Each structure stands twice: as structure tokens, then as C-alpha cells.
Amino acid sequence: MATAFKTVEPLEYYRRFLKENCRPDGRELGEFRATTVNIGSITTADGSALVKLGNTTVICGVKAELAAPPVDSPNKGYIVPNVELPSLCSTRFRPGPPGEEAQAASQFIADVIENSQIIEKEDLCIANGKLAWVLYCDIICLDYDGNILDASTFALLTALKNVQLPAVTVNEETGLSEVNLKQKNPLIIRKHPVATSFAIFDDTLLIVDPTAEEEDLATGTVTIVTDEEGRLCSVHKPGGSPLTGAKLQDCITRAVTRHKEVKKLIDKVIKSIQPK
């Protein structure tokens with residue numbers, strides 16, 4: 001009976017749960033799905049991480065290459081993020097060039113990198129005007145069940161923390177670069193941005209970490225990105241229901257708390273893989 005009702009009237013079905021301050025999957029409105037992270041899962045990448053947020057599964061691999069710095073910024077390197085939502089992760093995506101959602105997610109990640117200053121591009125420069133690192137950050141969704149932005153941001157941050165780059169010098173006489181694979185250094189991570197997404201129901205009710213089904217039924221979504229100092233890095237709100245100042249403040253407060261939980265999880269996992 002419940003299944004039939006859910007199929008015919010999905011929104012009404014959800015409203016009955018929301019009235020009781022819970023959701024069909026048993027979570028409270030402000031409760032996140034179980035979150036796990038695995039570091040260094042891709043051996044061919046320079047850094048990688050696999051993040052699970054409930055059923056949503058995202059993997060991020062970072063590949064570093066050497067290139068000439070940009071002409072207008074001779075003292076900087078590059079960070080190139082790309083989010084892929086392949087057809088294997090959900091029936092909602094088609095094979096072929098990246099769709100709208102994948103493009104929007106890639107742009108969101110690019111903005112997070114820029115606004116949070118997770119890495120200073122100057123730190124990626126090896127020799128001014130001659131040589132710099134390019135970090136290709138590929139974020140691929142393996143299983144899509146909503147809230148791709150939180151999972152992608154988390155996977156990116158953890159993968160970058162896992163990166164080890166070989167020492168590179170430019171030989172003054174020959175002008176050629178010399179790579180020392182025996183000496184590897186971690187990236188300097190300046191800030192730890194964490195994203196927290198909310199779905200807005202019936203223009204007023206906020207629920208955290210929405211599933212794909214909840215996103216489809218919601219009247220809007222909002223994603224708040226904060227760093228470890230509680231600083232707001234970005235607010236991403238693609239249309240939908242407007243939010244009052246008070247509601248937005250609620251979201252920011254919840255995002256700051258979530259940041260602490262995620263940071264604790266990252267620290268714990270990184271500590272567990274360090275050589276004793």
C-alpha cells in the first residue's frame with residue numbers, strides 16, 4: 001500500500017514523514033548519511049580518494065604534469081578540475097559529452113578551489129616563467145544518489161592531501177628539468193573547504209544531505225562551503241525557493257558543525273595510513 005502511495009503521490013508521501021520530523025530512510029531532517037573515505041585507492045594517480053555518502057560514491061584521482069606557467073602569471077601553476085557523471089552511475093545520465101549537471105558540478109568545484117584558496121597556485125611554480133605543476137583533478141561518480149557536490153568536494157580535498165610530488169629542479173646550464181623520484185613532497189594545503197548541501201521542501205523546510213529522490217521533489221537546493229576557521233568560502237544556490245536570512249544563517253551554522261565532523265574523519269584516516 002505504502003509503495004503504491006509513494007509511486008502515485010511521492011511528494012505527499014514525503015510530506016507525511018517530514019511532518020513527523022523524519023525522512024523515509026529513517027534519518028532526522030538534520031542528519032547526514034553514513035560517510036566513509038578511503039585514501040590512496042588509485043595506485044597510478046599521484047593522489048586519490050574514494051568517498052561514500054550513503055549510496056553516493058565518488059572517486060577523485062589527481063595527476064600531476066609539468067608545463068610552462070601561464071604567460072600572464074609566470075609564478076603560478078594550474079589546477080584543472082573535472083567532474084564526470086557517467087551513465088554507469090545512474091539511469092538519469094546518458095553516454096556522450098558531459099551534461100548540464102556535470103558541467104555545473106565542475107564549475108562549482110573550480111569556484112571552491114578559487115574561493116577557498118585550498119592551494120596557492122604560486123606553490124605549484126617550480127621555476128619562475130619556466131616550469132610549473134599542472135594538477136588534473138578528475139572526480140568520477142560511481143554511484144549517484146544525490147548530493148554530488150558534498151561528496152565531490154570531500155573527495156577532492158582528501159585526494160589533494162594524499163598527493164606526493166617528486167622534487168623537480170631546472171638545470172641552469174642545460175635549461176632542462178630534472179626529476180628526483182626518490183624525494184617526494186606532499187602538497188601544501190592552505191585551507192580545508194567542506195561543502196554542506198540542503199534541500200528545501202515546500203519553500204520553507206530544510207533537510208540536509210538530500211538523496212536523489214529528495215532532490216527531485218525539493219523546491220530548491222543550497223550548498224554552503226566553509227573552511228576550518230568557519231569562514232564562508234561560497235554559497236551555491238541554483239535558483240529555486242528563496243531563503244530568508246535567518247534560514248541561511250541556520251544553514252551556515254550547520255555547515256560549520258559538519259566541517260568539524262568531516263575534518264575529524266579526514267585526520268583519522270590520514271593518521272591510520274601513515275607509517276608507524
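Helices (H or I, at least four residues) and strands (E, at least two) are DSSP runs, numbered from the N terminus. The model is predicted, so local features need pLDDT of at least 70 and side-chain atom pairs count only at pLDDT 80 or more, while totals for chains, interfaces and linings use all residues. Residues are numbered from 1 along each chain as its sequence is written, and side-chain values use heavy atoms, with hydrogens and water left out.

**View 1. Two loop residues with positive phi.** Asp203 sits in the loop between strand S9 (194-201) and strand S10 (205-208). Its phi is near 65 degrees, a positive value in a residue other than glycine. Asp203 is partly exposed because its relative accessible area is 45%; the class lies between buried, under 20%, and exposed, over 50% (1.4 Å probe, protein chains only). Gln117, in the loop between helix H3 (100-116) and strand S5 (125-127), is not a glycine either and has a positive phi of about 55 degrees. Most residues other than glycine have a negative phi.

**View 2. The largest nonpolar core.** A nonpolar core is a set of buried Ala, Val, Leu, Ile, Met, Phe, Trp, Tyr and Cys residues joined through side-chain atoms within 4.5 Å. The largest one has 55 residues, and those with the most contacts inside it include Val62, Tyr144 and Leu187. Helix H4 (residues 148-162) gives the most to this core, with 9 residues. A second, separate core of 10 residues includes Phe32, Val222, Ile224 and Cys251. With contact meaning heavy atoms within 4.5 Å, and residues up to four places away in sequence not counted, Leu187 touches Ile119, Leu124, Leu135, Leu160, Val163 and Leu165.

**View 3. The hairpin of S11 and S12.** Strand S11 (residues 220-226) and strand S12 (residues 232-236) run antiparallel and are joined by 4 bridges; pairing requires that DSSP finds at least two bridges between two strands. The hairpin has 5 residues between its strands, and Gly230 in the turn has a positive phi of about 80 degrees. Thr223 stands opposite His236 in S12. Ser234 lies in strand S12 and counts as buried because its relative accessibility is 13%. Leaving aside neighbours within four places in sequence, Ser234 is in contact with Val112, Asn115, Thr223, Ile224 and Val225.

**View 4. Salt bridge between Asp145 and Arg33.** A salt bridge is a side-chain nitrogen of Lys or Arg within 4 Å of a carboxyl oxygen of Asp or Glu, and the count by this rule comes to 16. In the pair of Asp145 and Arg33, the closest N and O atoms are 3.6 Å apart. The two residues are 112 residues apart, Asp145 in the loop between strand S6 (131-143) and H4, Arg33 in the loop between helix H2 (10-19) and strand S1 (35-39). Asp145 is buried, with a relative accessible area of 19%, and Arg33 counts as buried at 9% relative accessibility.

**View 5. Two further salt bridges.** The side chains of Asp216 and Arg92 meet at 3.2 Å, N to O. Asp216 lies in helix H5 (residues 212-217) and Arg92 in the loop between strand S4 (78-84) and H3, so the pair ties together parts that are 124 residues apart in sequence. Asp123 and Arg190 form a salt bridge at 2.8 Å, N to O. This pair links Asp123 in the loop between H3 and S5 with Arg190 in the loop between S8 and S9, 67 residues apart.
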